[in-house]
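Biologist: I am new to this model. Please take me through one part of it closely.

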Amino acid sequence: MKFVKMKKEELDFFVSVLSAFGEVHAPIRRGQQVVIGTPARWSDVCLEYARTTLPPKKYVLPPREVMFTFDGAKGYQDLLNEARKPIVLFGVHSYDIYSLNILDTVFLGGSYKDPYYSTRRENLAVIGIDFQPDEHHFAYSTDTDFVDHGFDLFFHDIGDFYLVRVGTSRGDDMANKSGCLFMAPEEKDFKEFKRRSAQRRAAYVTHVDLRDLPEILEMEYRSHIWEEIGERCLSCGTCSFVCPTCYCYDVRDECSIGDRCGQRSRYWDSCLYRTHALVAGGENFRKDRASRIKFRYYHKQRGFVAEYGRPSCVGCGRCIVACPAKIDIVSVIMAVRGEKDAHGNKDFGSKSL
Amino acid sequence: MTEYRILLVDDDPDFAASTTALLQSAGHSVLWAKTGEEALRMARQDRPDLILLDVMLSERTEGFFVLQEIRRDTELKDIPVIVISSIYAECPGFRVSPEKDWLPAERFLAKPVDPITLITEVRRVVEEKGKGEGR
C-alpha cells in the first residue's frame, strides 16, 4: 500500500479539489446530531464526531428508491442515471467502511449483482478518517476498528499531519490532482501512527466477545430473555434504519390505473415490523415482538456468520444510542451469555442513556 | 453596448467598490454580496447573467464551497462563474492549478485583475454561455 502525508491545516484545500471527483459529502453538525451532507463551508465539516445519525448505506441503498417506471407504450425505463452521479464521501469511520464492504458481499456477490446498488457503489468514492471510541463503540470487538480495503484514501491523525493510506487508483488520482498538498512520509510518521493506533485500541471501554456467540445463541434459542426484550421493544424499526448493515427492503408497485403506467420502488424495511414475516394467505411467521427481535439478533450474529463468515454487526453503537426503549445490544449479548454487563447488571438495558 | 446583470461576491468593500465602478462604466449592472450565504440568496432571487466570485470570504476556501452549491442547485447551475481570487498569492502552499480540471468555473482570474482583461472576460464568458440579450 502507498503512504503519503499531508499537513492537517491544508485539509480544506484538499476537500476543495475533491470536487473534481464528485459532489463532496461530509459529516456536518445539525443541532445535537452529526449527519452526512453537503457542507456549505469548511467550518461546517465536523471530523471529530462519535457517529453520524444515519450510516453511509443511504448512499448505496437509499431509504426510498424508484427502480424503474413502466408504461404500456414505452415499456420499462430504469432510473440508473441518477445513481450514476459521482459522490465523494469524506470523513468516514473504519466501521462504516467495513459496513459498505459487508453490503458489497450481499448485493454484489453471488450470481446476481444488484444493478442499482452496483451503479451507486461504483460512483461513490470513500475517504476514511480516524475516530476516538466512546462508551458505545465496540468496533475493536467486531474487528472493524481498522479496515484494509473499501476506501480510496484513509487519513490517520499523527499530530500536525495526516498519514494517508492510498487504497485505490482513484485515491491515487485524488492525491495526484492535489499535487503539492501531499508529500512522502518519514520514519517518525510511521512511529507516531503506531503509537496513536495503540492508544486508540486501549481507549475502548466496551468489549464483547463474539467468537462463540453463534453457538451460544443456538443454545439459548428458547431463553426467556427474548420474551423479556420483546416486552420492552416497540417494534419501531429504528435499530434497522440506523444500522449500517441492515439491508431489508420492501418493494412496491405504484400504478396509475387510468394511464396504464406506474413505477416500482423499494423502501427500507425492518424485521421488527409486524408485517415483515407476513406472507400471502395471511400466515405471519413472527407475529409477536419477542420472535421478531430474536430474529434480528440471530440474523446479525448467527445467520450472517453461517452465510458470510462473520457477523454483520460492526460495533458502531448507533442502535444503542437510537433505541427509544433503551435496549443495548452489548447488554443483551452479555445477558445471553449469563454474564453481567458493565454496570454490574444482568439486565439488558442501557442505563447510561 | 450589451448590459449584463452581474453578481459580485467579495468581502472586500474597496475591491467591490472599484470593480462595481469599472463594470458599471462598461454598461453592466452590479449586485454585491459579501458572504457566500448572501450570494446564494441573491443569485436565486435575481438570477444574474454572471457571477464574479471571490474565494477567500469569511473562510479561506468559502468561495469553492459556494461554487459547488451553485453547480448543485438546479436553478443556478447554468449561470456562468468567473472566480477572481488572490488565493495563490496569499496561500502559497496551495498550488493546485485552477486549469487542472477541478474548478467548475468558466474562468479563474488572479487578483489584481487588469481592468481590460476583466471587461473582456466578462463579455466573453457570458456570450459563450449564450446569454447575448441586453436588458
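Biologist: Let us look at where the two chains meet. How many salt bridges does the rule find across the interface of chain B and chain A?

Modeller: Keep in mind that this is a predicted model. The rule finds 1 salt bridge across the interface of chain B and chain A. Its partners are D12(A) and R60(B), whose side chains meet with an N to O distance of 2.7 Å. On the side of chain B that touches chain A, helix α3 of chain B, residues 62-72, gives the largest share, with 5 residues. That side of chain B divides into 7 nonpolar, 3 polar and 8 charged residues.

Now the extent of the interface. In contact are 18 residues of chain B and 21 residues of chain A. Between the chains, about 1,800 Å² of area is buried. Carbon and sulfur atoms give 55% of that area.

Next, the nonpolar core. In soluble globular proteins, nonpolar side chains tend to be buried together. Here the largest nonpolar core has 57 residues. Touching the most other members are F14(A), F90(A), F155(A) and F94(B). Take F14(A). Beyond its neighbours within four places in sequence, F14(A) is in contact with residues including F90(A), F155(A), I127(A) and L153(A). M6(A), M174(A), S178(A), L181(A) and F182(A) are also among the contacts of F14(A).

Key
Residues are numbered from 1 along each chain as its sequence is written. Chains are lettered from A and ligands numbered from 1 in the order in which they are written. This is a predicted model: local features need pLDDT of at least 70, side-chain atom pairs count only at pLDDT 80 or more; totals for chains, interfaces and linings use all residues. Side-chain values use heavy atoms; hydrogens and water are left out. A nonpolar core is a set of buried Ala, Val, Leu, Ile, Met, Phe, Trp, Tyr and Cys residues joined through side-chain atoms within 4.5 Å. Buried means under 20% relative accessible area, exposed over 50%, partly exposed in between (1.4 Å probe, protein chains only). Contact means heavy atoms within 4.5 Å. Buried area is the accessible area (1.4 Å probe) that two parts lose on being put together, summed over both. A salt bridge is a side-chain nitrogen of Lys or Arg within 4 Å of a carboxyl oxygen of Asp or Glu. Helices (H or I, at least four residues) and strands (E, at least two) are DSSP runs, numbered from the N terminus. Ala, Val, Leu, Ile, Met, Phe, Trp, Tyr, Cys and Pro count as nonpolar, Asp, Glu, Lys and Arg as charged, and the others, Gly among them, as polar.
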